[in-house]
Amino acid sequence: MHYTTYSCFMQSNERRIRLGVAIREERVRQHLSQEKFAYMIGSDQSYVSRLERGEYNLKFDHLCEIADALNLDVSELLNR
């Protein structure tokens with residue numbers, strides 16, 4: 001893999017992990033279980049678990065649904 005491509009991949013992966021951590025921290029702050037949060041976003045617990053570990057590259061629409069479920073603006077999740 002070319003260095004620039006690898007660098008971009010790592011940055012993208014790190015951003016997904018940071019976003020997952022922000023989602024997890026807010027979910028926990030609001031005393032929501034993964035199961036309850038999954039229900040709120042129309043998904044299942046295993047999806048939330050992988051999401052919080054940064055394993056998904058979210059589409060913007062789904063990111064908006066997640067932010068809405070947490071009563072946040074998307075920018076609040078992205079800027080943590």
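**Surface.** I looked up the accessible surface of the protein, which comes to about 5400 Å², with 51% of it belonging to carbon and sulfur atoms; such areas come from the Shrake-Rupley method with a 1.4 Å probe, and for residues only the protein chains shown count as cover.

**Basis.** I note that this is a predicted model, in which local features need pLDDT of at least 70 and side-chain atom pairs count only at pLDDT 80 or more, while totals for chains, interfaces and linings use all residues. Residues are numbered from 1 along each chain as its sequence is written, and side-chain values use heavy atoms, with hydrogens and water left out.

**Fold.** I found five helices and zero strands. Helices (H or I, at least four residues) and strands (E, at least two) are DSSP runs, numbered from the N terminus. From that terminus, the elements run α-α-α-α-α.

**Burial.** I read that 35% of the 80 residues count as buried. Buried means under 20% relative accessible area, exposed over 50%, and partly exposed in between (1.4 Å probe, protein chains only).

**Ile17.** I located Ile17 in helix α1 (residues 3-29). Ile17 counts as partly exposed because its relative accessibility is 37%. Leaving aside neighbours within four places in sequence, Ile17 is in contact with Arg53 and Gly54, where contact means heavy atoms within 4.5 Å. I also checked Tyr56, 39 residues from Ile17 along the chain: their C-alpha atoms are separated by 9.1 Å.

**Contacts overall.** Among contacts in the protein with a separation of 6 or more, I saw that residues 24 or more positions apart account for 50%.
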